[in-house]
2 protein chains.
Amino acid sequence: MTSWVPSAAGSGFDVDHLPYGVFVPTGGTPVVGARIGDQVLDVAALSWAETASWTNILEAGTLNPLLAAGPAIWSAVREFLSVALTDESWRGRVERHLHRLADVQLRMPFQVADYVDFYASEHHATALGRIFRPDSEPLPANWKHLPLGYHGRAGTVVPSGTAVVRPCGQHKESNEQWPVFGPSRRLDVEAEVGFVVGPGSMLSQRLSVDDFAGQVFGVCLVNDWSARDIQSWEYVPLGPFLGKSFATSISHWVTPLVALADARVPPPARSVPLLPYLADDPAEPWGLDIVLTIEWNGSVVSHPPFASTYYTGAQLLAQLTANGACVRPGDLFASGTVSGPGERQAGSFIELSHAGRLPVVLNDGTVRNYLQDGDTVTIRASAPGTGGGHLRLGEVTGTVLPADDPATGSGALGGGRDR
Amino acid sequence: MTSWVPSAAGSGFDVDHLPYGVFVPTGGTPVVGARIGDQVLDVAALSWAETASWTNILEAGTLNPLLAAGPAIWSAVREFLSVALTDESWRGRVERHLHRLADVQLRMPFQVADYVDFYASEHHATALGRIFRPDSEPLPANWKHLPLGYHGRAGTVVPSGTAVVRPCGQHKESNEQWPVFGPSRRLDVEAEVGFVVGPGSMLSQRLSVDDFAGQVFGVCLVNDWSARDIQSWEYVPLGPFLGKSFATSISHWVTPLVALADARVPPPARSVPLLPYLADDPAEPWGLDIVLTIEWNGSVVSHPPFASTYYTGAQLLAQLTANGACVRPGDLFASGTVSGPGERQAGSFIELSHAGRLPVVLNDGTVRNYLQDGDTVTIRASAPGTGGGHLRLGEVTGTVLPADDPATGSGALGGGRDR
């Protein structure tokens, strides 16, 4: 299918992609949009103008009602947009609802209900095990039996572009006797793929791997900013907490799962048999051939391959609900850091810099181990599209601002800032 | 002050208490209420009838808008209710808005934004350390320096009275070679005190211990149901996850913090100096003399003293936001299991039964180590009231239902149930 939108072809945002987000037209209020080329289509306004039956679920200025509506509505809206953007006879009615991306503001695409972060990459878990627990086996004994995860802070998930203030916290280096409170000295990123939940489930209802496509609307990119010094001091025995909860950035655009149909690949071979509730279905593989790139101040420093992730999104959903926990529209569960086996495939700087010992050289000749104030990190990704080309997932970017002054307890920018 | 409501005096729900909740009058829709004796006052209807300025924030059928309104409004509403329920001249206009508790349904009092569970009781942390990590020091090295915590699942916080289906999950006993998937064999409770956040803060704004009274609306009782076998297999290195996330029960009633003014006591002595951001202010102590009781099938098995908790609610709030994480109206942060030093002061059954080795004998002669299907646990609490008597906090109760059949993956009660 060919779109009549001139910028669509070859952009990674062609009609086979159509990710959703929320934007603010000049002088307007937030509305649901779909990206096509360098344009964003006001899906709510077009649906209203064409008296589509789902118009009401697009009026909230957030994706949550669309997420809750479920796969039949998702398909109907996608088919409608596909026709509207490819059929030349619609062009006159549709063009008035297109806005140049450069002219609009993008907002948080959905309200996050619960946020769960997994630890699904074997290469990442092994690398971090070696760094944090050098005297133990790198992979914990449970790792090959179940996807490990933990709950993150939903209220600090922010959209791409939000500045990230360097967090303060307690940290204690091994050569220090007492912990100190102050700005993190080892601020890092984690490049991840996030799954956005649609209709949700009832309490005590276990979901299976087969429920994945009916429950998950789509994927976004995630940067789970991490303060390694705060994390290493606090994480025994209750896991990551303040080392993570200051900010988690997500892309503005949510790529529908159906747009990734041609990106599906078998997951890695299982070295330990999985219990039946996590078993792979070879006929319905949920590995995804998404290749991420991490740019540090404009230098591409890594290409983490999501296809190398040990556990699939379908297995993460089955694990998350194995105990009867319900999921809700707007739940976000992320893969955990995506790291491949190669030297330039790590999804975090603690791995890339070998825990700070081998600094990374950027294109401008500067060297880094962890993030410095003013640094900008942008995570991008591409995947095979159903039209034969490649999709580009919406990027997630953020710039580090200096820490607030811990002595005064007040914000450097006037006691806090809006998201 | 004496209320003209006959059942108020000596009930623990006198006019010095006035906890808030949400109830459904016969044939009506959910509304905000305040408890007085064995009655519940329709605060929304009375405010409307008296044309109070805050009427609009009571119309949502949940406490969240009242939480967001902040301390000035909280004081005004409380003063209004106090006059209405003590001044005999108001009686005629107020009585029509009173409902017998026995005639109404109680609902979830507020929508939980983020849920954080701490680990603030030294006696509990020591006891669990001995059980889970018998070869190490019972208290982790970081424990006396900062309140440890983790994020729980907001979407599975349920109101008192909700049945709790025994969760399934992976567990592996030390004498087993492989993990199995099935119903938890070590289902437990955790008796806790929860703090309910009011206005909230902005991202990157650190709150101090002095912000506690302005940010925290009140307290509720919490039962953080725990599957110890699932927990012990999964919790290294990312902390508790599915062993907790199947259900967390809270009381229907939220006791305003100001009603606990006479319950404030100094916290325990500090054996390690606290960093300045966590320092106690002797002039503003935030220990709370709340004594919990745990009833197991009607037998009182424990009296956990909250005053023995090492870290105060004010310190938990300061810790939670030390990295700039924002809080939102409806955030819930809980103390973690409240356990005192005594044999019958533990807040969990794994402690009471010495990890199952010394079963607890109930009044009917039955013995228990962990929960059996059909068991009911009720947590109550009392505290000194400002009127010289004692407040009774709203109870939190729940009954254990049998696990769903893990073989079929579908719910024994028809594939899930509503909350």
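Colleague: How many helices and strands are there in chain A?

Modeller: Helices (H or I, at least four residues) and strands (E, at least two) are DSSP runs, numbered from the N terminus. In chain A there are 9 helices and 26 strands. This is a predicted model, where local features need pLDDT of at least 70, side-chain atom pairs count only at pLDDT 80 or more, and totals for chains, interfaces and linings use all residues. Residues are numbered from 1 along each chain as its sequence is written, chains are lettered from A and ligands numbered from 1 in the order in which they are written, and side-chain values use heavy atoms, without hydrogens and water.

Colleague: Which residue of chain B forms a salt bridge with Asp331(A)?

Modeller: Side chains of opposite charge can pair when their charged atoms come close. A salt bridge is a side-chain nitrogen of Lys or Arg within 4 Å of a carboxyl oxygen of Asp or Glu. Asp331(A) meets Arg153(B) in this way, at 2.7 Å from N to O. The pair crosses between chains: Asp331(A) is in the loop between helix 8 and strand 22 of chain A, and Arg153(B) in the loop between strand 7 and strand 8 of chain B.

Colleague: Is Asp331(A) buried or exposed?

Modeller: Buried means under 20% relative accessible area, exposed over 50%, and partly exposed in between (1.4 Å probe, protein chains only). Asp331(A) is buried at 2%, and Arg153(B) is buried at 2%.

Colleague: What is the state of Asp103(A) and its partner Arg100(A)?

Modeller: Their closest N and O atoms are 3.3 Å apart. Asp103(A) is partly exposed at 40%, and Arg100(A) is partly exposed at 48%.
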